[in-house]
Amino acid sequence: MRIRKITLREIHLKLLSPFQTSFGTSELRRILLLEADVDGVAAWGESTAGENPYYCYETVETAWLILRDYLWPLVKDREIASAVEVWDLLAPVRGHNMAKAALEIALWDAEAKQKNLPLATLLGGTRAEIPCGVSIGIQPTPAGLIGKVEEALAAGYQRIKIKIKPGQDIEPVRTLRQRFPQIRLMVDANSAYRLEDASLLKALDDFYLIMIEQPLGWDDIYSHAKLQRQLQTPICLDECIHDVENARAGIETGACKIINIKLGRVGGHTSARQIHDFCQGSSIPVWCGGMLESGIGRAHNIAMSSLTNFSLPGDVSASRRYWVEDIIEPEVEVTPQGTIRVPSGPGIGYVPRIDRIESVTKRREVLG
Ligand code: OSB
Ligand code: MG
């Protein structure tokens, strides 16, 4: 395979409702899409970098710059046998995994399309359907929160995650547990607490949550290990895990019992699969996180989630939870059982709608 050219686009998509986490509120998503021309095959990737460096240090601007000035020159005109080689080619650049992922995952789509295989199959996936949950942002009122949960349960979703932050943690969880004693419930703090808050976090043990996601520092595995020893609730790491070595550190220090894998945060499918396999060998279940992706990133998440050890419902949900209109055809839909069927077409298995993409493109750069 030889990459002839790549096109970077920044698209703007307005969320149906604002999404609030402990680090801020997102209303308008600015999304970097990457289209690669690989021997005449059009292949697609998405960077999950945010508008601001609040979830991690990357942003749309940094991803664009790193792709244009550093990553593209590393792959331009290179003959590669398989997309598995790309991760090592990009190794001279330290970090910037969301920039790397946009390119790396597009090459996996290209290889799958060239081989006329679903991407899930090329990755070694075994699931025909993936279990789905929802991630619900911090809500202004308890009634509003209950309404959002009811809506998600009525749509069939198998697991509810709510965002928490200091001052909006124990009470929303208590409210939900009183109203919904049986549901699979979890919380995500996005690094809003410190080890000194251990007793507050310990109070969450009363609510038999399936996990608490990333309570402490975004880069602090050590403190999570200290905290996990004090909690019954399993800790799941998100922000801390950038590669398989971080996963090893998290597991072997006892900092987590579950890992959330995000393609952007770990730099693409090759790294995601390494982490998946390592976790499987350590009997640590994984699930696929979400970053409010457009249909392109969502399609990649679905393919990745078909791997065996993605045994817990992820944050990959239907297009209609986010957008008036997605940029792929068909849109991602969830069955009444709360699953997404892994598509059987070649590559990502959903077709990018060029007309729609063009209509929301704010900036474009062709590199060739
Ligand atoms: O921590 O999982 C997170 C969205 C943006 C940044 C970080 C996170 C999230 C989500 C949303 O939880 C998941 C989704 O795409 O629905
Ligand atoms: Mg998270």
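A residue is called buried when its relative accessible area is under 20%, exposed when that area is over 50%, and partly exposed in between, using a 1.4 Å probe and the protein chains only. The model here is predicted, so to speak of a local feature takes a pLDDT of at least 70 and side-chain atom pairs count only at pLDDT 80 or more, while totals for chains, interfaces and linings use all residues. Residues are numbered from 1 along each chain as its sequence is written, chains are lettered from A and ligands numbered from 1 in the order in which they are written, and side-chain values use heavy atoms, with hydrogens and water left out.

Back to leucine 176, which belongs to helix H6 (residues 170-179). Helices (H or I, at least four residues) and strands (E, at least two) are DSSP runs, numbered from the N terminus. From leucine 176 to glycine 281 the sequence separation is 105 residues, and their C-alpha atoms are 35 Å apart in space.

Alanine 128 and serine 306 are 178 residues apart in sequence, yet 6.9 Å separates them from C-alpha to C-alpha. Alanine 128 sits in the loop between helix H4 (119-123) and strand E4 (129-131), and at 58% relative accessibility it counts as exposed. Aspartate 77 is in the loop between helix H1 (60-75) and H2, where it is partly exposed at 44%. Leucine 195 and histidine 224 are 29 residues apart along the chain and 7.9 Å apart from C-alpha to C-alpha.

Next comes the ligand. Ligand 1 sits in the largest pocket. On a 1 Å grid over the protein atoms alone, a pocket is an open set of points with protein on both sides within 12 Å along at least five of seven lines, and a molecule sits in one if more than half of its atoms lie within 2 Å of its grid points. Around ligand 1 there are 16 residues, the closest being Ser135, Asp188, Asn190, Leu292 and Tyr322; being near takes a heavy atom within 4 Å. This shell divides into six nonpolar, three polar and seven charged residues. Here Ala, Val, Leu, Ile, Met, Phe, Trp, Tyr, Cys and Pro count as nonpolar, Asp, Glu, Lys and Arg as charged, and the others, Gly among them, as polar.

Some side chains make polar contacts with the ligand, meaning a pair of N or O atoms within 3.5 Å. For tyrosine 322, a polar side-chain atom lies 2.5 Å from an oxygen atom of ligand 1. The corresponding distance is 3.0 Å for lysine 163 and 3.1 Å for lysine 161. Of the 390 Å² of accessible area that ligand 1 has on its own, the protein covers 96%; such areas come from the Shrake-Rupley method with a 1.4 Å probe.

Most residues other than glycine have a negative phi, and most peptide bonds are trans. Aspartate 39, however, has a positive phi near 50°. That residue lies in the loop between strand E2 (24-38) and strand E3 (41-47) and is partly exposed at 37% relative accessibility. Histidine 96 also has a positive phi, of about 55°. Its place is the loop between helix H2 (86-89) and helix H3 (97-114), and at 18% it counts as buried. The peptide bond from glutamate 329 to proline 330 is cis, with omega near -10°, and proline 330 falls in the loop between strand E12 (328-329) and strand E13 (339-341).

Notes:
Polar contact = N/O pair within 3.5 Å; in protein donor to acceptor, adjacent residues only side chain to side chain. 1 Å grid on protein atoms, 1.4 Å probe; cavity = no way out; pocket = protein on both sides within 12 Å on 5 of 7 lines; lining within 4 Å.
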